[in-house]
Amino acid sequence: MLIIGGVLLIWSVFIEPYILTQTTYTLKNNQLKGLKIVYISDIHTAPYQHWFLKRIVDQVNALNPDIILLGGDFVKGHRKKSLADMNDIALALKKLNAPIGVYAVLGNHDGYIDSTEMKHALKQNDIIVLSNEYKLVKYRSTPFFIAGTEDMLTEHSDVQKAVPQSDYPIILLSHEPDIFPQVPQHVFLTLSGHTHGGQVKLPFYGAILIPSIYGRKYAEGIVEENGKKIIISRGVGTSILPIRFNCFPEIVVIYFE
């Protein structure tokens, strides 16, 4: 039992958290046909993990996305003096490359530390941060909106302000999936993170803990509800404990046909 426990501990701390997996979703939308989005969330970079952040950036770029979306929680921890430097994180993310651009929202951990500083660092490195606002972008000759809300736990999240009234497709970024019931019907797709898929999932039981008032409903994957869609990423980093078990870090690719 000690040997098995030791192996599981080594796997959960030193191996599985660094095995980047890719999940691809194919969605139908004639207006966005051919568009490829790469979405990552919950990076939670620790001071000793810059090598992993570089690997994430390289793997995202290798997918040749048209647009890159970031779901927040760039930092790891609750005390600023023990964090990876926000400017260093943003500088690494500056190397993300997509012709339509890189767009982000902030998460609760960014808010716990200093959302203003994190936002400034990202903007200084060519990453557009959406705080209850939206941007009109184009894929080829097709306009669509990227919208983003502030964090629900540390800021004032305002979906109505973030989402435009438009017939163009709208993709909404919200760090927490708990916002989904408030999302207007005309939003084509919502992207969230925060839950980490539970981070630890036991066989035959599933996730031990999901940080959501809806329990496992929005734990991970794609959920369709009342004609709306949300994709919840397991994230690429870890929070609280630096472990993952049966819940691999995930880069999300969304392709439209």
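This is a predicted model: local features need pLDDT of at least 70, side-chain atom pairs count only at pLDDT 80 or more; totals for chains, interfaces and linings use all residues.
## The largest pocket

The largest pocket holds about 440 Å³ of space. Its lining consists of 20 residues. Those that lie nearest the centre of this pocket are Q199, L209, P211, S239 and I240.

Sorted by class, the lining of the largest pocket comprises ten polar residues, nine nonpolar residues and one charged residue.

## A nonpolar surface patch

On the surface, a nonpolar patch is formed by I10, F14, I15 and I19. Together these residues have about 360 Å² of accessible area.

One of the patch members, I15, belongs to helix α1, which covers residues 2-15. I15 has a relative accessibility of 34%, so I15 counts as partly exposed; that class lies between the limits of 20% for buried and 50% for exposed.

## Two loop residues with positive phi

N64 is not a glycine, yet its phi has a positive value, near 50 degrees. N64 sits in the loop that runs between α2 (50-62) and β3 (67-70). The relative accessible area of N64 is 60%, and N64 is therefore exposed, as that class begins over 50%.

H196 is another residue other than glycine with a positive phi, here near 60 degrees. The loop between β9 (189-192) and β10 (201-202) contains H196. H196 counts as buried because its relative accessibility is 3%, and buried means under 20%.

Methods: Residues are numbered from 1 along each chain as its sequence is written. Side-chain values use heavy atoms; hydrogens and water are left out. On a 1 Å grid over the protein atoms alone, a cavity is a set of points where a 1.4 Å probe fits but cannot get out, and a pocket is an open set with protein on both sides within 12 Å along at least five of seven lines; lining residues have an atom within 4 Å of a point. Grid points are joined across faces, edges and corners, and a volume is the space filled by probe spheres set on the points. Ala, Val, Leu, Ile, Met, Phe, Trp, Tyr, Cys and Pro count as nonpolar, Asp, Glu, Lys and Arg as charged, and the others, Gly among them, as polar. Patches are made of residues with over 30% relative accessible area and no salt bridge: like charges are joined within 9 Å, nonpolar side chains (Val, Leu, Ile, Met, Phe, Trp, Tyr) within 5 Å. Accessible areas come from the Shrake-Rupley method with a 1.4 Å probe; for residues, only the protein chains shown count as cover. A salt bridge is a side-chain nitrogen of Lys or Arg within 4 Å of a carboxyl oxygen of Asp or Glu. Helices (H or I, at least four residues) and strands (E, at least two) are DSSP runs, numbered from the N terminus. Buried means under 20% relative accessible area, exposed over 50%, partly exposed in between (1.4 Å probe, protein chains only).
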